[in-house]
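Please read the points below with the model open beside them.

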Amino acid sequence: MSATGHRDGGDERVGELVSRASEQLSQLVREELRLAQAEMTRKGRRCGLGGGLFGGAGLFAVLALQVLAVTAVVALALAPPVWAAALVVTGLLALVAAVPAAAGRGQFGRAAPPVPRAAVDSVKADIAELEERAHR
């Protein structure tokens, strides 16, 4: 026993436990950060893909509007067969624009919200486990 009445061996054991707990906590935090980074990378890729698809849809929508304008001019100036053909082209371009727009919307839906859900849930579980062990 030391002069304070405590056993020196017990203090060393507590110091080792605190040191090990600190190392494990640091490792846990690093692993959770890696998980969050990986999740945000996946979500970022989905947002990029969704943005590209929406950009493609926007291009075809602009083309559809241009053809629609030409259709209106032709319809007012010429016989029905010419404007009918232009109207069919406009409809086809609009359908082409709708396909990537729907796909882009799906990609954005899968990426939202821009929060690393798996990492957040994992951290919450880790905190609950630490609290449970602390109360034992």
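1. Basis. This is a predicted model, in which local features need pLDDT of at least 70 and side-chain atom pairs count only at pLDDT 80 or more, while totals for chains, interfaces and linings use all residues. Residues are numbered from 1 along each chain as its sequence is written, and side-chain values use heavy atoms, with hydrogens and water left out.

2. Confidence. The mean pLDDT of the protein is 80, and 88% of its residues reach 70 or more; pLDDT is the predictor's confidence in each residue, from 0 to 100. H1 has the highest confidence, at 84, and H3 the lowest, at a mean of 80.

3. Elements. The protein has 3 helices and 0 strands, and the order from the N terminus is α-α-α. Helices (H or I, at least four residues) and strands (E, at least two) are DSSP runs, numbered from the N terminus. Helix H1 covers 8–77, helix H2 covers residues 80–111, and helix H3 covers 117–134.

4. Burial and surface. Of the 136 residues in the protein, 14% are buried. Buried means under 20% relative accessible area, exposed over 50%, and partly exposed in between (1.4 Å probe, protein chains only). The accessible surface comes to about 9700 Å², and 67% of that belongs to carbon and sulfur atoms. Accessible areas come from the Shrake-Rupley method with a 1.4 Å probe; for residues, only the protein chains shown count as cover.

5. Contacts along the chain. Among the contacts in the protein with a separation of 6 or more, 78% are between residues 24 or more positions apart. Contact means heavy atoms within 4.5 Å.

6. Largest pocket. Which residues line the largest pocket? The lining is Ala-21, Gln-24, Leu-25, Leu-130 and Arg-133, and the space in the pocket is about 170 Å³. H1 and H3 each supply at least two residues of this lining, with the largest share, 3 residues, coming from H1. A pocket is an open set of points on a 1 Å grid over the protein atoms alone, where a 1.4 Å probe fits, with protein on both sides within 12 Å along at least five of seven lines; lining residues have an atom within 4 Å of a point. Grid points are joined across faces, edges and corners, and the volume is the space filled by probe spheres set on the points.

7. The lining residues of the largest pocket divide into 3 nonpolar, 1 polar and 1 charged. Ala, Val, Leu, Ile, Met, Phe, Trp, Tyr, Cys and Pro count as nonpolar, Asp, Glu, Lys and Arg as charged, and the others, Gly among them, as polar.

8. Gln-107. Is Gln-107 buried or exposed? Gln-107, in helix H2, counts as buried because its relative accessible area is 11%. Not counting residues up to four places away in sequence, Gln-107 touches Arg-46, Leu-49, Gly-50 and Leu-53.

9. Phe-54. This residue of helix H1 is partly exposed, since its relative accessibility is 35%. Apart from neighbours within four places in sequence, Phe-54 is in contact with Ala-101, Gly-104, Arg-105 and Phe-108. Phe-54 and Phe-108 are 54 residues apart along the chain, and their C-alpha atoms are separated by 9.8 Å.

10. Ala-103 and Leu-87. Both positions are in helix H2. Ala-103 has a relative accessible area of 36% and is therefore partly exposed; from Ala-103 to Ala-57 the C-alpha to C-alpha distance is 9.6 Å, over 46 residues in sequence.

11. Ser-122. In helix H3, Ser-122 counts as partly exposed because its relative accessibility is 23%. Leaving aside neighbours within four places in sequence, Ser-122 is in contact with Glu-32 and Leu-35. Ser-122 and Ala-36 are 86 residues apart in sequence and 9.7 Å apart in space, C-alpha to C-alpha.
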